[in-house]
Structure formats: C-alpha cells, structure tokens
Amino acid sequence: MSKKVRLRFAPSPTGGLHLGGVRTVLYNYLFARQHHGDFILRIEDTDQSRYVPGAEEYILDCLAWCGLNPDESPLHPGAYGPYRQSQRKAEGLYLQYAQQLVQQGHAYYAFDTPEELEEMRTHYKTAENPSPQYNHVLRTKMKNSLSLPAEDVQRLLDAGTPHVIRIKVMPGEEIHFTDLIRGDVTFSTNGVDDKVLLKADGMPTYHLAVVVDDHLMEITHAFRGEEWLPSAPVHILLWRHLFGEDKMPRWAHLPLILKPDGNGKLSKRDGDRLGFPVFAMNWKDPNTGEMTKGFREMGFLPESFLNMLAMLGWNDGSGQELFTIEELIQKFSLERVHKGGAKFDFEKAKWFNHEWIKRLPVTHYQGQVQSYFQAAGIDTAKPGAPRLDSVLELVKDRCHLLTEFVQQSGFFFQAPDPATIDLSPVRPKWNEAKQQFFIELLNQLPFIKTWDAPTLEKEFKEMAAAAAIKPGDLLLPLRLMLVGGKFGPGVFDIAALLGPQETIHRIRQVLGLLRA
RNA sequence: GCCGCGUUGGUCAAUCGGUUAAGACGCCUCCCUUUCACGGAGGAAUGAGGGGUUCGAUUCCCCUACGCGGUACCA
C-alpha cells in the first residue's frame, strides 16, 4: 500500500499572488485531485523583514476565487500543523534538526557578521568569479566552528554571539535526482555553497524549512518554479542527512512564465507597462497604498483564468484547448508539461475568457456583471427595464471581458442622451420620406400585438415596402435612436427587449432632433 | 565567470526516426450580417547554427550560439 499523495503550495506572504503562482497551485491541485490526495497550503513566512500584513489572507481569497481550496491550511488545519513556518519555528521544530546536523558533522556554526560576509565577497571577487561562494574552500578563511578552535567556538556560543548554522557541503560528489518534468538532473557539489540553514534570529531559511516541513507533513510530490532547480542539491543533501533520500518527495520543476516582449520572468511591472494584470486579484500594497489590478477585477472568469493557465505549459496532445476543471483533473499529466518557459499572451487570455463567457450560462456571472453596472452608475433593476439575464444572453457573443458588458449593453438600462448621439452617419441622407416613415412607425407601434423581434421586423419591413424605402436605409437611423451608436445586437432584438413604451420613447426623442 | 535548465511560425504549440511539419491566438482576404460582433471559407508565417548516428532526422548524440534561472542570514 503506497502512501497517500500529498502536495503543498508554499508561498511567502509578501505581496500579490502572481499568475505563475496560481499555475503552480493549479498543477498541485490537479495532481492531488487526480490521485485522490491532499492539497495543502503552507505559509513560508520565515523572513520577518518581508512580512506584509494581509498578504496571507489575500492568498486564501485568491485560491477561493479560483476554487482551488486547500484541504489543509492555516485556516483549516489538518493533522500536520501548524501551517505557518513562523509558528513552527516557535515550536522549535527547526532548531533541533539544525543541531542534529551539526552533531552529525553535516553542518556548522558560523559567526561571520553581514559586514564580514560583504567584505569576503568584495575581497575575493575577481573577473572570473564575480560571486564568490561561502563554500568548502572559503569556509576555512571565515569565522566558524570548522576554522576556529573548539574552545573559541564554545566561548562564542556561551557568550551568545549571533551565529547561523550552515550546511557543510563536501566537494567532489555528483548529486543527481529525477525531476518529474526534466528527467535526470545532475549537479556537482563543487558548485554548491554552504547555505545558511538557520538564521541568526533562529528562523530557518527556506532550504531547511522546506525539507523539514515536507517531511513532517508527509509531502509526496513537490512542484515549484524552475528558479528553484539550482538549490535542489542542497535539499537533497538535507534529505539524505536528516530523513533519508528515499523518503524525499518527487520533485517537479515547472517552467517559467515569461514576459510577452523580450525575455525573462513575467513581473508585475510588465503588466503595468503593457496594460494587463499579473496578479489573480486586485492587490493593494499596505505600505505604499499602491493598487495593482487583478484578473478578477479586470473581468476574468475563474474558469477561463484557470483554463488559460493550465494551457500555459501543458496540453493533452489532442489539440483541445477548452477544459473544465474536471477534465483537467482527469487529463493533466506531468509528462506533458513543457520544459521550456512560455511567454504570456494577453490576447489569448482574452480569447479563453470570451469562450467561457459564451459557454457558461449568464446566470453564472450575472452577479459580477451586475457589480460592474453598479460601479458605472447604471441601475439594471429599475421598473420597466429589461431582464438582465436576457440582455446578457443577447450580447455575450461580443464580450471578451466581463467588464465589456457595460459598454455593450448599458443602453438597455440607460437611454442614450439624444443630444449626444452622433447623427452624422444618417443626417446627410435624411429626407422627408424617412421622416414620414418614422412618424408612421410611431403611430403603428402601439398596435403591434406580439412584441417580439420577428414580428417587429416583419411589420417594419412591410411598412418600408409600403413607403418604397429600402429597409437598409432605415435600419441605421433606428439603431442610432435605440442604441445611440453603431454597435450592439440586431435592432429588432433590441427593440423587443426594450419593450413598446421605451422603444417608442427613444424613437420620438431622436426624431425630433433629425427634423431640425 | 561558474553551475543548471531551455531553444518548432509573432505567440501558445502537436510530432515520441519516414507527415504536404497539426491545431489555436493574433494578422490578412472573402462570405454571412443593410451596425459591431459571432459564425463560416481561405491565406501569409515555423524546426537557432554546425557536426555526427542512420537508408532516412524537427525527432537520438556532440559542439557552438543564444535565452533564461541561480550564484543572499529572499523566497
């Protein structure tokens, strides 16, 4: 009987949730669900200097919006708590393992101050080696329990001298592991430095924490961004010394999401610069007060957001691009995840959203659209107004973003101001015959027995024929009267939803202007 | 610099040694629509370079180039 599959997403609460982070969550979630396992959220708040209030709650909110709710989290603890590393540190979880490593001879105390480290780096920096590492050769020249006499070390320790614990990496060894996406990856320990495991403030670094916590939480599979690949050997060494390499979770290093122009990781700045969101939801930096737009507020459906992210680095090989979350759970496979990074394409993202707007029932997103109307000061519920769902149904084909419903259908609820309508497209060709036609139309409209689009169209065309005017010459004026612009669904569909009273009212208003 | 990982159209990408190298987004043309879209039909556009291996390489191997990531008491 194999162990239950358990995966974790371990963000540090330092700001908005990046779309790459959401994709990592998604892949975690899909894999966990597919294997009937657990998906865990663990907060990596080991850097107190980067603590941002509200960030953790924000991450939870983003996951909730996406529907990627963890089975265990700080809010819903399971049997493996606590789920914040700061709390785990308070329980002394990390210190004991760090000390165990020192006792085993796999780690050591280092007393170098930040200034001394800085000095070392500038001192040993050369053209060939711009970033000297605290490693097996340099550690002999530094202040640590390997270079200092035992008595000195004990004295420093007794005096409470600030110190860190570093891993002791032995040179000349090949470390390799099998990445679930990349296959065999090999490193030489010669290039691995003596990473700090436990900081002077007693907090573990990511390196120690991720290993200890993954073990204690019985994580079986660990997905993370490709930027972590270079530190994998440190984690493997730690696993070997602490818990046994065979107990280590299977690693998968996900490809990066790149900026659309040029190269490099997609950053919040790229979004600002190019005009698209990078965070899942609006994020307001509590320190600067700066607000960064999110996909949700930009008018994205969680269904399309996830679908789009899933396809950024993965496909099922069939050419299918539209997937429900259930289909993704069923079909997702790490073997089909790309190795190379993918440039983010906002146009394609909007296409996904458009597809989902079309395929989902409008009632599914009516609430959110309603809030956009509200924000625009448009009351969709005033007496006599068309039903919002009918309106949305009619215009959804032309909306890529939920926010576009306002521009596309606002006129249903708020009559265009006749004074501001641009009548120039019809004015030059306006004549007495047309004027008469609309006067006659106004007279006939109240007598239409069945107020629906087909009937209206039939009546309208019959009248046009009787007046010997091409219907085409009358449609644009009618559209301008009802809509206020050259856009929107079929005019008769619009009139049908508007109802007789409002239709007549709008025609009359503008007709008066055209006569002048 | 060093280490690691990558590299099929503008972008996302299929192909797991033999194909006219799919499909999608975007772009262009046409049709539909007496608005704008949707939809439909077409079109332009791709294997970084060089060596091997092989009857045959986009596919396997090596080198080069390029890109990215890492090289913190940040994650």
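**Briefing: cores, strands and helices of chain A**

H221 is buried, with a relative accessible area of 14%; the cut-off for buried is under 20%. The model is predicted. H221 sits in strand 8, which covers residues 221–225. Its domain assignment gives chain A two domains, domain 1 (92–254) and domain 2 (418–515). The centres of these two domains, taken over C-alpha atoms, are 77 Å apart.

**Around H221**

- Which residues does H221 touch, leaving aside those up to four places away in sequence? They are V5, R6, L7, R8, F31, L180, P249 and R250.

**Nonpolar cores**

- The largest nonpolar core holds 116 residues. F305, F344 and F438 have the most contacts inside this core.
- Helix 1 (residues 19–34) supplies the largest share of this core, 9 residues.
- Domain 1 and domain 2 each give at least three residues to this core.
- A second core is separate and has 37 residues. Among them are I167, F177, L198 and V212.
- F438 touches W430, L474, P477, L478, M481, I507 and L511. That list does not count residues up to four places away in sequence.

- Strand 3 spans residues 107–110, and both of its faces are covered. A107 and Y109 are buried on one side. Y108 and A110 are buried on the other.
- Strand 3 pairs with strand 4 (residues 164–167) in the antiparallel sense, over 4 bridges.
- Y108 has R166 of strand 4 as its bridge partner.

- Strand 5 (residues 174–179) has one covered face and one uncovered face. I175, F177 and D179 make up the covered face. E174, H176 and T178 make up the uncovered one.
- F177, on the covered face, is also in the second core.
- A hairpin of 3 residues links strand 5 to strand 6.
- E174 has S188 in strand 6 as its bridge partner.

**Helix 15**

- Which residues of helix 15 (residues 388–395) are buried? They are L388, D389, V391, L392 and V395.
- Seen down the axis of helix 15, these buried residues fall within an arc of 160°, so they line one face of the helix.
- An α-helix has 3.6 residues a turn, so residues three or four places apart point the same way.
- The cover over the buried residues of helix 15 includes helix 14 (366–375), helix 16 (404–413) and helix 20 (491–498).

**Helix 18**

- Helix 18 runs over residues 453–466 and has 14 residues. From first C-alpha to last, helix 18 reaches 20 Å, close to the 20 Å expected at 1.5 Å a residue.
- Its buried residues are A453, T455, L456, F460, M463 and A464.
- Down the axis of helix 18, the buried residues fall within an arc of 165°, so they line one face of the helix.
- P454, A465 and A466 are exposed on the other side of helix 18.
- Against what do the buried residues of helix 18 pack, and which helices are these? They pack against helix 17 (432–444), helix 19 (471–483) and helix 20.
- A468 follows helix 18 and has a positive phi, near 60°.

Definitions and conventions: Residues are numbered from 1 along each chain as its sequence is written. Chains are lettered from A and ligands numbered from 1 in the order in which they are written. This is a predicted model: local features need pLDDT of at least 70, side-chain atom pairs count only at pLDDT 80 or more; totals for chains, interfaces and linings use all residues. Side-chain values use heavy atoms; hydrogens and water are left out. A nonpolar core is a set of buried Ala, Val, Leu, Ile, Met, Phe, Trp, Tyr and Cys residues joined through side-chain atoms within 4.5 Å. Buried means under 20% relative accessible area, exposed over 50%, partly exposed in between (1.4 Å probe, protein chains only). Helices (H or I, at least four residues) and strands (E, at least two) are DSSP runs, numbered from the N terminus. Domain bounds come from an automatic or database domain assignment. Contact means heavy atoms within 4.5 Å. Two strands pair if DSSP finds at least two bridges between them. The arc is that of the directions from the helix axis to the C-beta atoms. The expected span of a helix is 1.5 Å times one less than its number of residues.
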